[in-house]
Each structure stands twice: as structure tokens, then as C-alpha cells.
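Please look over the structure shown here.

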Amino acid sequence: MNQTKTTRWASNCFWFSGVITFLGLYFSISLMWIGLALFFLAGLALAISSKTGAWLFQNPLFWPVMILYSAMTFSVILASPYPYKGAIGKITFPFFTFLFSWFFSIHPKTRKDLLKTSTVLSVVLFIVSATQGLGLFHRFLPGLNPYIYQLPGETGLYLAVGLTRHHTTFAFTLILLFHILFAHGLLMEKKKPKTLFLLFSAFCVEGTLFTFSRGAWLSLVISSAVVLLLVNWKKLLWGCALFVAFFSTLFFTVSAFQKRISSLDLAANQERLELWKVGWKMFQDSPWFGQGYDSFGYRFPQFSDLHITSPSIPLDPHNMYLEFLATSGILGFLCFLLFLGASFRLVFGKIRNSASPPQLKPWFLASAGVLTAFSVGGFFDRYFDMPHTMIPLVLMLGLCTASKPDEIVADV
């Protein structure tokens with residue numbers, strides 16, 4: 001296909017902005033936002049210059065995303081006045097599914113680059129996470145990341161956050177890398193690359209442990225079990241045995257892990273339980289269309305004085321499902337479930353389809369892991385609202401819906 005200079009320029013900008021968006025997840029929050037803005041603009045410029053919109057309307061997730069858009073938009077319009085500017089940006093996150101789908105259609109070789117980059121990042125981020133968790137990063141590079149907080153209790157350990165602002169967001173970016181590497185390791189036939197991919201995925205597991213994000217730990221375990229089950233039930237049994245042995249060793253030998261796992265009990269998390277109660281009150285106050293998407297923090301003082309008695313507590317529901325009920329009502333909640341359901345149906349269908357190109361099978365399997373981890377982790381944090389958790393999801397969904405599979409080169 002012959003392209004004009006303008007189209008080629010837009011295509012190159014599209015590729016560049018997609019790359020810096022991905023790298024921004026790990027190295028710079030500002031770089032990530034710049035990448036997202038450029039990615040959006042370059043995608044529109046490319047669509048205009050190439051005079052095509054098929055990448056949007058033919059995407060299998062087009063209607064689930066558009067229905068979700070409509071529900072969230074209606075919740076904002078029908079709600080009583082509140083500062084909704086922040087909601088505008090968050091509502092656009094699912095749209096990037098279409099952009100990433102087009103991105104991987106135009107630049108299919110980027111999959112191979114993504115795999116190579118994931119191996120390098122797994123090692124680098126394991127070192128960063130371990131040094132942060134053990135307090136070495138905090139001691140020798142003070143001030144480089146002010147968001148590294150000490151783990152509750154007299155443990156001498158810290159919540160690893162990488163170069164992000166929160167341990168949960170850092171953990172999910174590691175889970176993305178884990179599933180990419182783990183899926184390729186499971187499906188690789190050659191022994192040496194298989195061993196290497198599994199080793200690199202183990203680095204991601206170790207890095208995730210040092211974030212001390214309990215929701216991420218649970219997401220990692222459940223999503224890994226789903227991936228193993230999709231491959232072979234015998235592998236699931238081996239995986240369960242390995243998991244029990246590994247975590248039992250951690251639980252009985254490292255008191256910090258023991259305390260952190262024990263604190264999963266709601267009785268030890270009264271403040272989070274209070275936040276959930278507030279979310280439920282908001283839902284009961286306006287059950288059909290909610291309080292207006294992304295209004296939880298603004299409406300909070302109307303339903304609780306927790307922000308006064310515990311001024312340091314973040315005013316967010318720590319549960320994306322409850323947040324949809326509270327801020328977008330039953331309508332928004334059902335539309336969100338429709339989006340998740342359509343995504344699961346798409347990804348699992350790709351895995352079961354015998355006609356799917358063999359070189360894409362690991363990517364579909366990795367997407368199933370990321371989607372499962374997202375759905376599980378959403379019970380403990382507002383995953384839909386955070387770019388570090390939403391971008392990995394839409395990236396993998398876009399990869400699954402990319403067209404022109406015959407143009408894709410072998411990943412290894």
C-alpha cells in the first residue's frame with residue numbers, strides 16, 4: 001500500500017508515541033501522559049490522512065466500549081453539579097483499545113520488540129523493587145521518589161513503588177510483564193528459551209512481592225491459575241504445588257509477609273470497610289444513574305466524616321465495581337460488566353480458536369492473564385481510573401483485536 005508523506009509521518013509519530021506511552025508506565029508518569037496525548041493525536045492524524053475509520057467501527061469491542069461511554073456520560077450529565085473535568089480523561093481510557101488495535105495492525109513487528117523489552121524490564125524492575133523493599137533505594141537515593149513509604153509495623157521494609165506513586169500501580173505493571181513472559185515460557189517448545197522466559201517471569205513475581213500490595217498478590221495468584229488451566233490442568237496442579245511451597249516458605253520465615261497476608265482480614269482494615277460503606281450509601285442515594293462518574297471524593301463529605309477523623313485517608317472507594325455503582329448507578333455498573341464480559345469472551349475465544357495463528361497464542365494467553373488480574377484487583381482498588389492499571393489492559397485488548405495476522409512475524 002502506497003502512502004503519502006503525511007500518512008507515513010503520522011504513522012511514524014503513532015509508533016513513537018505508542019512506544020513512549022508504554023515506557024512511561026515504568027520510567028516517568030509525565031512521559032506516560034505525554035505519550036497518551038500524542039498517541040491520541042497521532043492516531044487521529046493518521047485516520048484523517050489515510051481516510052479510514054474501519055479500525056474503529058470494525059473492532060469487535062466497539063459497541064461494548066461505546067455503551068460504557070454513554071452510561072458514564074449520562075451519569076455526569078444527570079448528576080447534580082460537581083467538578084467533572086477529571087472524569088473526562090478517565091472516560092476516554094477504553095477508547096485506547098481501538099488505537100492500540102490499529103497500532104499493532106500497522107506495526108505488527110512491535111510485538112517482537114515488546115517481548116524483548118519485557119525481558120529487560122523484568123530484570124531492571126526486579127532490582128528496583130528489591131532495593132526499594134529492603135530500604136536500600138530509600139537510603140542511598142533519598143528524594144528520588146518521595147512516594148516510597150515504610151511498610152506498617154516494625155519490619156524495616158518499604159512498599160516498593162518503582163518510579164510510580166503507588167505500590168499497587170507499580171505491581172500491576174509488573175503483572176503485565178509477568179503474563180507476557182509467563183505465557184511465552186509456557187507455550188515455548190525449545191527448552192532454553194522456555195527456561196529463560198520462565199526465569200524472567202519469576203523476576204516479575206519477586207518484584208511484585210516487594211510492592212506488598214495484597215490485592216496485586218491475589219490478582220497474580222488467581223490470574224496465573226487461570227492461565228495454567230487454559231494451557232493444561234496438569235500444569236495447574238504443578239503450579240498450585242509450587243505456589244503452596246513458595247508462599248508457605250515466605251509465610252513461615254519472613255514475618256513481614258506473614259503480617260501482610262494476615263491483614264487481608266477486613267477486621268484489620270476498618271478504614272477501607274468504612275469507605276465501602278460510604279460507596280454503598282452513595283449508591284442507595286441515587287441507584288439508577290449514580291452520583292456522577294468520578295465524583296466519589298467530592299461527594300464523600302455528604303455521607304461521612306471519616307475525612308475529618310482520619311485526614312490522611314485517601315478519599316477513593318478502593319473498589320472499581322462499587323465505584324461504578326456509587327458514581328454511575330446500576331446502568332453504569334451493568335455496562336461496565338458488559339465491557340468486561342465482552343473482553344473475556346473475545347480473549348478466551350481467541351485462545352480456543354484452532355485457526356488462531358500459533359505465534360499469537362502466547363499473546364492471547366497473556367491477555368487472559370492481564371484481564372483476569374485486572375478484574376480481581378478491581379475488588380481492592382479503582383483499577384479502571386488509574387492509567388497504570390488501565391493502559392496494560394487496553395494495550396493487550398488492542399493487541400488481541402489487531403487485524404492482518406498474516407503480516408505478523410514470528411516472535412522468537
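## Salt bridges

Lys277 counts as partly exposed, because its relative accessibility is 42% and that class lies between buried (under 20% relative accessible area) and exposed (over 50%), with a 1.4 Å probe and protein chains only. Glu274 is also partly exposed, at 30% relative accessibility.

This is a predicted model: local features need pLDDT of at least 70, side-chain atom pairs count only at pLDDT 80 or more, and totals for chains, interfaces and linings use all residues. Residues are numbered from 1 along each chain as its sequence is written, and side-chain values use heavy atoms, leaving out hydrogens and water.

The structure holds five salt bridges. A salt bridge here is a side-chain nitrogen of Lys or Arg within 4 Å of a carboxyl oxygen of Asp or Glu. Three of them are tabulated, including the Glu274 pair.

| Salt bridge | Closest N and O atoms |
|---|---|
| Glu274 with Lys277 | 3.6 Å |
| Arg382 with Glu323 | 2.7 Å |
| Asp385 with Arg382 | 2.7 Å |

Glu274 and Lys277 both sit in helix α14 (residues 270-285). They are three residues apart, about one turn of the helix. Helices are DSSP runs (H or I, at least four residues), numbered from the N terminus.

Arg382 lies in the loop between α18 (361-377) and α19 (387-401), and Glu323 in helix α17 (residues 320-352), so this pair ties together parts 59 residues apart in sequence. Arg382 is buried, with a relative accessible area of 14%. Glu323 is buried at 1% relative accessibility. Asp385 is buried as well. A network of salt bridges links Lys90, Asp294, Glu323, Arg382 and Asp385.

## Second largest pocket

The second largest pocket holds about 670 Å³ of space. A pocket is an open set of points on a 1 Å grid over the protein atoms alone, where a 1.4 Å probe fits, with protein on both sides within 12 Å along at least five of seven lines. Its volume is the space filled by probe spheres set on the points.

This pocket is lined by 23 residues, meaning those with an atom within 4 Å of a point. Phe178, Phe182, Val205, Gly239 and Leu242 lie nearest its centre. Helix α12 gives the most to the lining, with nine residues. The lining divides into 17 nonpolar, three polar and three charged residues. Nonpolar covers Ala, Val, Leu, Ile, Met, Phe, Trp, Tyr, Cys and Pro; charged covers Asp, Glu, Lys and Arg; the others, Gly among them, are polar.

Definitions and conventions:
Helix = DSSP H or I, 4+ residues; strand = E, 2+ residues; numbered from the N terminus.
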